[in-house]
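Dear colleague,

I am handing over the structure below, together with some notes on what was found in it. Please read the notes with the model open beside them.

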Amino acid sequence: MLGGAGILLGVAAAPAQAAEVSYKTECVPPSISGLPPVQGTTKVEITAPAEAKVGDEVTITWKFTQAASKNPDVLDLDKDTVKPTGTLKAGGAQTADIAMEGPRQNPAIPKNSDMKLSDMTGKLKLTAAGDVTLTPDAYNINVSKPISTDTKCTPKETVKSSATIKVTGGGTGGTPTPTLPTGLPTLPTGLPTLPTGLPTLPTGSATPSPSGSGTDGGGDSGGSDGQTDFTGKEVSVPYACKTPIGDKNATSPVQINAKKNGGSYDLTVQFKKSVMDSPADIPADSVKPSMEVALGGADKGTVHVEGPTNSAAIKSGDPIEVPDLTGTYKPGATGESTLSPGVLTVKALGTTTTCTPTKSEVSLTLDTSEQASGASGGGSTSSGSGSSGTSGGLAETGSGSHSALKALGLVAGTVILLGGAVFTFMPGRRTR
């Protein structure tokens with residue numbers, strides 16, 4: 001019994017006496033913060049089994065005794081808003097990149113104080129006998145509020161290993177492949193066949209004829225041929241945008257399509273090209289675009305079109321997709337009426353960005369017939385939901401301090417990037 005206990009103790013791997021390792025590190029804050037890279041020192045302690053055998057899967061712990069950067073003088077970080085992830089390098093008898101992850105668990109961290117990062121863990125399947133060294137590498141610090149941002153930290157010098165696992169042979173060297181038993185019973189033969197001569201379904205069922213001719217009789221048909229669908233041309237629109245923290249110019253291809261609906265037209269405005277990805281993680285239901293389509297020719301005024309908010313969160317680096325903007329145009333004049341992309345409004349994260357075309361170009365021309373209460377005579381058919389009187393300010397947070405305004409810069413920094421390119425986001429879909 002004592003001998004058996006000794007064997008069991010020999011198999012159970014004791015924790016390694018992990019020494020602390022420190023290395024020079026550069027941490028790059030999120031671009032929307034406007035902060036420069038930080039040069040600092042990371043101190044890490046890696047804990048892993050001192051001994052194990054081939055085939056074992058071992059758990060490794062990465063403990064920060066010091067992060068390379070502090071919480072900057074921007075805002076206090078709330079409890080449980082910071083999550084570390086990183087890469088641990090395995091070397092020696094076996095090479096691998098081990099993904100390490102810690103929980104979003106931290107005390108409240110005031111600005112200008114040390115970052116408090118949770119311990120990260122990861123797993124490694126041992127595949128070769130010999131000494132396996134463990135060396136900390138790059139890591140990332142994600143902060144979830146007020147919006148999700150990442151600070152990326154990378155070593156700026158060769159890092160020494162922090163722990164070593166002595167790996168011995170794994171006995172048989174693998175899991176034996178099972179063989180199928182012999183002598184299995186065979187399936188019986190002579191199974192009955194399905195009967196033939198089943199009755200067939202009756203043919204010649206009457207198909208109801210649709211009522212009407214497929215075109216309505218109210219208003220203008222858009223042409224003598226009864227056309228109901230009208231595809232506009234793609235036009236390149238230069239925009240000047242007013243954002244809460246500055247001005248931005250950009251150009252986007254835009255197309256306006258229409259479908260006749262009685263005497264009115266259902267409009268669809270599409271954005272055709274992307275030139276940027278999301279600058280930060282953006283929560284769901286936080287970005288809503290709208291536009292005032294400009295009327296010309298026989299008709300005058302504007303038509304309000306808008307799209308839904310983003311249904312899913314958008315991760316940093318992913319293309320931002322602007323949905324189709326839709327609305328209804330009720331003509332206010334008889335003759336050739338033109339439709340051009342007009343003022344674009346983007347509401348995001350509590351702020352409003354307004355983009356005005358610096359040059360107007362017609363995307364679609366319709367042969368319209370005047371409708372009661374139509375658009376002609378100036379003014380707008382907009383419901384007003386696409387604009388806001390807050391286009392020059394930041395969202396209220398309940399604090400008027402300078403530090404709070406700097407914190408809001410994180411949010412506003414996202415909006416200025418959105419405002420500059422919201423009309424050039426990746427639609428990720430077809431050209432109709």
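**Aromatic pairs**

The structure holds five aromatic pairs, where rings of Phe, Tyr and Trp (its six-membered ring) count as a pair if their centres lie within 6.5 Å, and where planes under 30 degrees apart are called stacked, those over 60 edge-to-face and the rest tilted. One of them joins Trp62 and Phe64, whose ring centres are 5.6 Å apart with planes at 45°, so this pair is tilted. Phe64 also pairs with Tyr139, and here the centres are 5.0 Å apart and the planes stand at 65°, so the arrangement is edge-to-face. This second pair links distant parts of the chain, since Phe64 belongs to strand β4 (residues 57-66) and Tyr139 to strand β10, 75 residues apart; strands (E, at least two residues) are DSSP runs, numbered from the N terminus. Through these ring pairs Trp62, Phe64 and Tyr139 are linked into a cluster. Trp62 is buried at a relative accessible area of 0%, Phe64 is buried at 10% and Tyr139 is buried at 4%, where buried means under 20% relative accessible area, exposed over 50% and partly exposed in between (1.4 Å probe, protein chains only).

**How to read the values**

Please keep in mind that this is a predicted model, in which local features need pLDDT of at least 70 and side-chain atom pairs count only at pLDDT 80 or more, while totals for chains, interfaces and linings use all residues. Residues are numbered from 1 along each chain as its sequence is written, and side-chain values use heavy atoms, with hydrogens and water left out.

**Disulfides**

Taking a disulfide as a pair of cysteine sulfur atoms within 2.5 Å, the count comes to two. In one of them, the sulfur atoms of Cys27 and Cys153 are 2.1 Å apart, and the torsion about the S-S bond is about 115°, so the disulfide is right-handed. It links Cys27 in strand β1 (residues 20-28) with Cys153 in strand β11, 126 residues apart. Cys27 is buried at 1% relative accessibility, and Cys153 is buried with a relative accessible area of 1%.

Another disulfide joins Cys241 to Cys355, with an S to S distance of 2.0 Å, and with 110° about the S-S bond this link is right-handed. Cys241 lies in strand β14 (residues 235-243) and Cys355 in strand β21 (residues 351-357), so the pair ties together parts that are 114 residues apart in sequence. Both Cys241 and Cys355 are buried. When the bonded cysteines of the protein chain are numbered in sequence order, the pairing reads 1-2, 3-4.

**A buried leucine**

Leu366 sits in strand β22 (residues 364-368) and is buried, with a relative accessible area of 1%. Leaving aside neighbours within four places in sequence, Leu366 is in contact (heavy atoms within 4.5 Å) with several residues, among them Phe230, Ala258, Tyr265 and Tyr329. Between Leu366 and Lys260 the C-alpha to C-alpha distance is 10.0 Å, although they are 106 residues apart in sequence.

Note on methods: Helix = DSSP H or I, 4+ residues; strand = E, 2+ residues; numbered from the N terminus.
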